[in-house]
Amino acid sequence: FRSIDADVVGGNTYQRLINDATIRITIPLPPNVSIVGSSARSVQLFRGIASTLNTPSLQTVLMADGRAPNLQAQAADAVAIHYQPGRTPTSSELNAIAAYEKTLFSSFQLASFASGGPAPTMPLGRSDSEKRGRKFFVDDATTPVPRCVHCHSGPNLDTTSPGVQVAFGIPAGLKIFTAFVSQMRTGGGNVLTYEFRDAAGNVTTVQSPDPGRALITGNPADADMFKIPSLWNAKNTAPYFHNNGAKTLNDLANHYQAMFAMLGLTLTDQDKADIVAYQKLL
């Protein structure tokens, strides 16, 4: 480990990294954003690291807040800030890392799709629980009932679906959205008050442990928005969410049960068990 990710910068204990698998990142504040009670022009946040499997070839959004324009930029920060602090990797090194990442897949089906083959198909399920769980991943909903497919649609299971547009009025095709992780304080974090000032001088206040995409765009409408992760291979990529706030698939399901309840919808304990059973097939 490196001191940037110590419990205290420069220290030599790493319990947060060991227990939560989160790293410390520094995000510069957009010119129109400030933190109430602070003159700082950047903020330190703790985030998890997404799997590299399937990401380079099948996902167009890199990093939890979408701030990396390409694989090379993503690798440059990883090397210079976390792996070998202070060392600037060469272009050839970054290109080599990107090329290697493009070979990493969790299944032959996904590798084939990335090379122009047919889109992957959702498993049908074998047990009754798996078959019941599958219905949450099928976009046949015309009413606002809890469905995972609303935010995990498309070949890579990382895009908002037409069904969510019908049910909630949210545009289909989004790859950055909210799972209410920051709003519900799932995984904790230090809540700060951010002020977003528009061109007319109007101020919008956001209280959040991590405003996500808004810290990149400077738009308060993007507050608490994060990249929608692919569900392929999710069973092997715990913990979950941008801050690793859910340690297991069961924790993940518990969060969504509480989220849907907040939205006036019901996800039963049996529903949760069925969703987890189906996710283990992906």
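## A salt bridge across the chain

With a relative accessible area of 35%, Lys247 is partly exposed. In this predicted model, the side chain of Lys247 meets that of Asp20 in a salt bridge, at 3.1 Å from N to O. The two partners come from distant parts of the chain: Asp20 sits in helix α1, while Lys247 belongs to the loop between β7 (226-227) and α9, 227 residues apart. Asp20 also counts as partly exposed, at 27% relative accessibility.

## Other charged pairs

The count of salt bridges comes to nine. One of them joins Arg87 and Glu93, whose closest N and O atoms are 2.7 Å apart. Arg87 is partly exposed at 33%, and Glu93 is partly exposed at 30%.

There is a network to look at, too: salt bridges with shared partners join Arg47, Asp65, Arg67 and Asp210. Within this group, Asp65 pairs with Arg67, with 3.1 Å between the closest N and O atoms. Asp65 is buried, at 0% relative accessibility, whereas Arg67 is partly exposed, at 27%.

## Two nonpolar cores

The largest nonpolar core has 17 residues, and those that touch the most other members are Ile27, Leu29, Val43, Leu45, Tyr194, Phe196 and Leu215. Two or more residues each come from β1 (23-28), β2 (33-35), β3 (42-47), β5 (192-197) and α8 (214-217). The largest share, three residues, is from β1. Another core, of 16 residues, lies apart from this one and includes Trp232, Met259, Phe260 and Leu267.

Beyond its neighbours within four places in sequence, Leu45 is in contact with Ile23, Arg24, Ile25, Ile27, Tyr194, Pro209, Asp210 and Leu215.

## The second largest pocket

Leu45 turns up again here: along with Phe46, Gly189, Asn190 and Pro209, Leu45 lies nearest the centre of the second largest pocket, which is lined by 23 residues. The volume of this pocket is about 380 Å³. Its lining takes two or more residues from each of α1 (15-20), β3 and β5, and β3 gives the most, with four. Sorted by class, the lining has 12 polar, seven nonpolar and four charged residues.

## An enclosed helix

Helix α10 (residues 269-279) is largely enclosed by the rest of the structure, because eight of its 11 residues are buried. Those eight are Asp271, Lys272, Asp274, Ile275, Val276, Ala277, Tyr278 and Gln279. Among the elements covering them are α6 (128-134) and α9 (249-262).

Conventions: Residues numbered from 1 in each chain as written. Predicted model: local features only at pLDDT ≥ 70, side-chain atom pairs only at ≥ 80, totals over all residues. Heavy atoms only, no water. Buried < 20%, exposed > 50% of the residue type's maximum accessible area, 1.4 Å probe, protein only. Contact = heavy atoms within 4.5 Å. Core = buried A, V, L, I, M, F, W, Y, C linked by side-chain atoms within 4.5 Å. 1 Å grid on protein atoms, 1.4 Å probe; cavity = no way out; pocket = protein on both sides within 12 Å on 5 of 7 lines; lining within 4 Å. Points joined across faces, edges and corners; volume = space filled by probe spheres on them. Nonpolar A, V, L, I, M, F, W, Y, C, P; charged D, E, K, R; others polar. Salt bridge = Lys/Arg side-chain N within 4 Å of Asp/Glu carboxyl O.
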